[in-house]
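Subject: Two-chain model, handover and notes

Hello,

Here is the structure I said I would pass on.

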Amino acid sequence: MTDTSTWATKKGLAQMLKGGVIMDVVTAEHARIAEDAGAVAVMALERVPSDIRAAGGVARMSDPSVIEGIMGAVSIPVMAKARIGHFVEAQILEALGVDYIDESEVLTPADERNHIDKHAFKVPFVCGCRNVGEALRRISEGAAMVRTKGEAGTGNIVEAVRQLRDVLAEIRRLGGMREDELFVAAKELGAPYELVKQVAAEGRLPVVNFVAGGISTPADAALVMQLGAEGVFVGSGIFKSEDPARMANAIVQATTHFTDAKILAEVSKGLGAPMRGIALEAIPDQERMAVRGW
Amino acid sequence: MTTRIAVLALQGAFAEHVATLRAIGAEPVEVRLPRDLDGVEGLIIPGGESTTMRRLITRWDLAQPILELASSGAPIYGTCAGMIVLSREIVGGEVPVLPLLDVAVERNAFGRQLDSFETELDVPVLGDTPVHAVFIRAPVISGVGPGVDVMATLPDGRIVAVRQRNIIATSFHPELAGETRFHRLLATMAAEHADPGEGVGRRQYPTRRSQHGR
């Protein structure tokens, strides 16, 4: 008996991406640079987050022809973003045959209450989260991979670090609870009890957890890997840097050798300027992307 | 003494192999640099992205020490991307890095992620209980040389598990399905490589190929 697109295959692809770097690309040319630098997957989108932030207005799913161009250019998995709650964009992306859909806060949300019912799809989904409750809500909706959101397009790692620490600290806290305390924890987290119980027992989220939003140097990547990330998404950090191919390659090396300071020093040399960053305080509340999604 | 088995930890699902090796009582060793291979008796190359893994193997000079490990007779097992990395020919012309298996391999042979699947697979050398096999953007072997044993095929005849002397490769992921028989086979081969056995009645000549000057 053969079954396609099962939970094991959806979650399993994310397991294969671990220890790797997923890079935002806007053209087929970018995608080839990313693949040559050692990316494990590319995220196809119309503009990188820092340009979305600069342009303002409504950010949507990319033009399908751009996505198809990228799918034709590389042999590694291709992911693409749909707006939060926009299940028709997701249907279109599934019809194109993308390998993963990111239901992403980087785009303008399409629904203020509901996320996509991801169980209804054969293509797997990755979703953003800021804490364990949000991660488990997304997983209960069918997400086969999660990533902390950070604050996309800022080149500032501070929000990513805060969220990753929150997630991992909460997992440790759950692990120390008595069984009868987990019921209240589930209520307080706003997450299904069965998933909360699983996290407490296993000491980890039920799916792979990457970090996104603000990684712009090899040291940033190694920082979140040492803290406990299972891999990284890099958005604007590569193609907004002075020498994208070198930066991309250096971040890949740093994600593999994240505990080896000598190698980190070596790969960090002479990369040119990283992307220009933004202090979080300089971003008005209504322009923060991390707070999108619930 | 427990058998030390290396797991290539450059990228991919190496933690799952480490956990499986622990579960069967072997001692896993994560390998990122050539020196990490010192004193190991076998090696697993995990699933992941083969293009990434091939680049990292070259970048960190791991090809030569792994080829030496293989020629000493130590067993090596590759899953999915690991199978691609171990193949002599990659269809489409990508440059092989560890051409230890005399096979041609086709990447993403079933299509994209939407075509990933699970099935029950007969692997006769592992006994009557089928293997629960998870295929994720999986490769298949599209041609085998004369020294290669086919361990398993899909009902349509496509080759998804092979062995050539001390090298084993599968298109699928036992480490994702709680399947330990491939790891136990590897651990047995590794233990025999570490200690060929000099018991009563055993003929006294070296069994390690390195000692034959190969």
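Leaving out residues up to four places away in sequence, A:His257 touches A:Ile263, A:Leu264, B:Arg32, B:Leu33 and B:Trp60, where contact means heavy atoms within 4.5 Å. A:His257 lies in the loop between α12 (244–256) and α13 (261–267) of chain A; helices (H or I, at least four residues) and strands (E, at least two) are DSSP runs, numbered from the N terminus. With a relative accessible area of 3%, A:His257 is buried (under 20% relative accessible area; exposed is over 50%, partly exposed in between; 1.4 Å probe, protein chains only).

The model is predicted, so local features need pLDDT of at least 70 and side-chain atom pairs count only at pLDDT 80 or more, while totals for chains, interfaces and linings use all residues. Residues are numbered from 1 along each chain as its sequence is written, chains are lettered from A and ligands numbered from 1 in the order in which they are written, and side-chain values use heavy atoms, with hydrogens and water left out.

Interface

In chain A, 41 residues are in contact with 37 residues of chain B. The two chains bury about 3,000 Å² between them, 54% of it on carbon and sulfur atoms (accessible area, 1.4 Å probe, that two parts lose on being put together, summed over both). Five salt bridges are counted between chain A and chain B (a side-chain nitrogen of Lys or Arg within 4 Å of a carboxyl oxygen of Asp or Glu). One of the salt bridges joins B:Arg112 to A:Asp99, with the closest N and O atoms 2.7 Å apart. On the side of chain A that touches chain B, β1 (3–4), α1 (7–17), α2 (28–37) and α12 each supply at least two residues. The largest share of that side, eight residues, comes from α1(A).

Salt bridges

Over all chains the count is 30 salt bridges. A:Glu105 and A:Arg147 meet in one of them at 3.0 Å, N to O. That pair links distant parts of the chain, 42 residues apart: A:Glu105 is in the loop between β5 (100–104) and β6 (125–129), A:Arg147 in strand β7 (residues 145–148). Both A:Glu105 and A:Arg147 are buried. A:Glu141 and A:Lys118 form another salt bridge, at 2.8 Å, N to O. A:Glu141 lies in the loop between α6 (132–140) and β7 and A:Lys118 in the loop between β5 and β6, so this pair ties together parts that are 23 residues apart in sequence. A:Lys118 is buried, with a relative accessible area of 0%. Through shared partners, salt bridges join A:Lys81, A:Asp102, A:Glu105 and A:Arg147 into one network.

Rings

A:Arg147 also lies over the face of A:Phe233, 6.0 Å from the ring centre. In chain B, the charged end of B:Arg59 sits over the ring of B:Trp60, 4.1 Å from its centre (NZ of Lys or CZ of Arg within 6 Å of the ring centre and within 35 degrees of the ring normal).

There are nine aromatic pairs over all chains (ring centres of Phe, Tyr and Trp, its six-membered ring, within 6.5 Å; planes under 30 degrees apart are stacked, over 60 edge-to-face, the rest tilted). A:Phe121 and A:Phe125 pair edge-to-face, 5.2 Å centre to centre with 70° between the planes. Both A:Phe121 and A:Phe125 are buried. B:Phe110 and B:Phe135 also pair edge-to-face, at 5.7 Å and 70°.

Regards
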